[in-house]
Amino acid sequence: MSSQVSECVSERTFQHQDSLPPLPVPPLEGSLAKYLEAVRPFASEEEYEATAEIVRAFLEGVGPELHQKLLHRAKTKRNWLEQWWLDSAYLELRIPSQLLVNFSGPGPYLEHCWPPAEGTQLQRCSISLWHQLQYWSLIRTEKLAPQKSGKQVFDMDQFRMLFCTCKVPGVQKDSIHNYFKTEREGPSPSHVVVMCQGRIFTFDALCDGQILTPPELYRQLQYVTECCDAEPEGDGVGALTTEERTRWAKTREHLISIDPHNQSVLEAIQSSLLVVSLDDAKPYATPENYTNMTLEALAGNPVNRWGDKSFNLLSFADGTFGTNCDHSPYDGMVVVTLFHYVDEQLAATDGKWEGSASVRPMPFPDELVFTLDQRVRRDIASAKQQYLEMTQDLQVVSYAFTSFGKEAIKQRKLHPDTFVQLALQLAYYRMHGRLGCCYATATTRRFYHGRTETMRSCTQEAAAWCGTMLDPTCPADARREAMLLAFRKHNKLMAEAQDAHGFDRHLLGLYLIAKEEGRPIPDLYTDPLYTKSGGGGNFVLSTSLVGYTRVLGAVSPMVHHGYGFFYRIREDRIVASCSAWRSCPETDAESLFATVSSCLREMLQLATTSQL
C-alpha cells in the first residue's frame, strides 16, 4: 500500500471518503454455509450433525427475520457494523485493556542506523519525535497520499484517530475522545505529553506555528529528564490505565471529585498529540532477536505510559524504541504505516539531523500534577501489583527466521502470507495433537469506514494437508497436492473476507440485532462448537501479517490457552512475535516459534521438489 506524500496537490488524504462504497451485508445462506464449513475441522460426526441441525433451524426460523432487520440497518448507515464493532469489540470490554487489548511493537531502526547504544536516548528521541510530528502535519494538511491497493482506494478515516485521541473509561462502557482536526476544519491540539519516572510533563510542539526542530525537542526532553533526575519518582498515575475498566472509571471519577484541577490534567493528556515515554529500560535487541524490546513495548513500566492513548512513543535508555497503542480507534496497519514512514526517513538520513542547531526562545515544559488522596494512592499501588502479576505471567519471544523469506516463497509461485499461515497450522497441530482455530486479519478498508473481517485459516483443506504431513506413509506427491489445495482455499477465503464476504461480522450483526430487541439468544451462538471453533473471540491462534516492511507488532493471546502471533515478511527473512501465558501448561511461545521455523523449511522443501 502506498503511503508517501501526495505528489498531486489535488489528491488530498480524505478526498475519496464520500465516494467509498457502503459496507455490504452478505447473503444469509452464504454466510451460514461458510460457517458450517469453518467449524467442520473441529467437530466429530455427531457434533457436526448437531450443529448443522442448529443452523438449519436458524435458517428456517429467526435467521431471515434478523437478516432483514440487518439489511434495513444497512440502508440507513453507510457502515452498519462501525459502532457495533467499536462497542462490542472494545468499549464494552471490562478486562484490563492495556495488556490484553492494546497492540505494541519494537522500533525497527536498529536494523540500520540506530543499533542499541547508551547515551543516545534523548538525541534519537528528538529526531524520531520530529519525524512523527512531520507525519502529523501531513495528515493535518491532507498531504498524506490516500492508501491504495492497485487502483482500489482505501478508507483513510482511521488516520484521523492516530493523534490527539484517547479512550476514556466509563463504569458501563468506555468512550473515544478525538480532538484532531485538519487545517481546513480548524485548530487542533499541538501539545505533546512526556512521561518519565512516574511524572507527567507537557509542551507545545509548535513555536510560531512551526514544528520544533530536533535540537529544540532535545532541549525540552532534556529539561524533563533533569527535573526527574533531581527529585523523587512521581506518583505514577499512568498505572491506573492498566486496571480493569470499571475500577479505573470509578477511580477517575473520584480523582475529579477531589479537585476540579484534575479534570484539566486529564484533558491535557487525552487531547495531546501523543505520549512520549522516556523509560530507563535497556531492552537490548538485535535484528535477529527482538524479544526484550517486544516484551518491554507490550508489558513495560506502567507509570511511564498512558494505556488509553492512541499512540505512546516508547523511548528506551539504550537508544531503542517501541510503541504501545489503544486498539479501539484504529487497527494496527495505521501505526505500522507511520513507523514505516519514520523508518524510511531515518534510513535516508542515516538517523542524523543536518539542519540548524539553534534553539528559539520558548517556554520550558510544564509539569502536570494531580491532586491525590490516600484512596487514589492505594488504587495506584493496587494497579501496579495486578499489572506486575499479569506481566510476569506473559511469555513473549520475537525472533527472525533467516533461512529464507518472501523472495524464495514467491519464486515457488506461492503467497508469502498464506505460506506462514499454513506453517502455523502445521506447527500447532504438531505441538498439540489437534487443530488450532485461528483468527487472521482481513482488511475491509475498501469500504466506507471499513476495519477488519475474520479470515479463519484452519480450513478443511489445511486440516487435510496437516494430516498428510503427520502421516509417515503419505507420499510427497500427495502432500504437495494437499498443500496446494490448502493454499488455493486460503487465498480464496482471504479475498472474500477483504470483499466483506466473510461470515463472522455478519453473524455478530445478527446476534446484536437479537440482543438489542431483547430476543432469546439463538442456539447457534450457544452451541459448544461455536466457541470451540473460535466464535465469540475464542481463537487459540490470534494472528496478523504486519506487512512487508521492517515494522513488527505484538499482542497478547486472545484466550488463556492460546497464542498471539504477529509477523512481518521481508525478502530474506520472516520475523515473528509470539506470546503465550506461562500459567497455561499447554502452551509455550518458544516452542511454537521453533516448530513454525521447522515447518517453514519443510514446506519450502516440498514446494521446491514439486518444481523439479
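User: Is Ser126 buried or exposed?
Analyst: Ser126 is buried, because its relative accessible area is 2%. Buried means under 20% relative accessible area, exposed over 50%, partly exposed in between, with a 1.4 Å probe and protein chains only. Keep in mind that this is a predicted model: local features need pLDDT of at least 70, side-chain atom pairs count only at pLDDT 80 or more, and totals for chains, interfaces and linings use all residues. Residues are numbered from 1 along each chain as its sequence is written, and side-chain values use heavy atoms, with hydrogens and water left out.

User: Where is Ser126, and what is it in contact with?
Analyst: Ser126 sits in helix H6, residues 121-140. Helices are DSSP runs of H or I with at least four residues, strands are E runs of at least two, and both are numbered from the N terminus. Beyond its neighbours within four places in sequence, Ser126 is in contact (heavy atoms within 4.5 Å) with Pro214, Leu217, Tyr218 and Leu221.

User: Which backbone oxygen lies 2.7 Å from a polar atom of its side chain?
Analyst: That of Gln123.

User: Switching to Gly351. Where is it?
Analyst: Gly351 is in the loop between helix H11 (332-349) and strand S13 (366-368). At 7% relative accessibility, Gly351 counts as buried. Not counting residues up to four places away in sequence, Gly351 touches Cys113, Trp114, Ile127 and Leu346.

User: And how many residues apart in sequence are Gly351 and Arg124?
Analyst: They are 227 residues apart in sequence, but 7.7 Å apart in space, C-alpha to C-alpha.

User: How many disulfides are there?
Analyst: A search of the whole structure gives 0, where a disulfide is a pair of cysteine sulfur atoms within 2.5 Å.

User: What about Cys437?
Analyst: The closest cysteine sulfur to that of Cys437 is in Cys458, 7.9 Å away, which is too far for a bond. Cys437 is buried too, with 4% relative accessibility.

User: Now helix H1. Which residues in it are buried?
Analyst: Leu28, Ser31, Leu32, Tyr35, Leu36, Ala38 and Val39. Seen down the axis of H1, these fall within an arc of 160°, so they line one face of the helix. The arc is taken from the directions from the helix axis to the C-beta atoms.

User: What do they pack against?
Analyst: Several elements, including helix H2 (45-60), helix H3 (63-76), strand S16 (452-456) and helix H17 (504-516).

User: Cores next. Which residues touch the most other members of the largest nonpolar one?
Analyst: Phe419, Trp465, Leu524 and Phe565, out of 90 residues. H20 gives the most to this core, with 10 residues. A nonpolar core is a set of buried Ala, Val, Leu, Ile, Met, Phe, Trp, Tyr and Cys residues joined through side-chain atoms within 4.5 Å.

User: What does Phe565 touch?
Analyst: Leaving aside neighbours within four places in sequence, its contacts include Val420, Leu424, Leu592 and Val596. Leu592 and Val596 are among the buried residues of H20.

Note on methods
A polar contact is a pair of N or O atoms within 3.5 Å; within protein, one must be able to donate a hydrogen and the other to accept it, and residues adjacent in sequence count only if both atoms are side-chain atoms.
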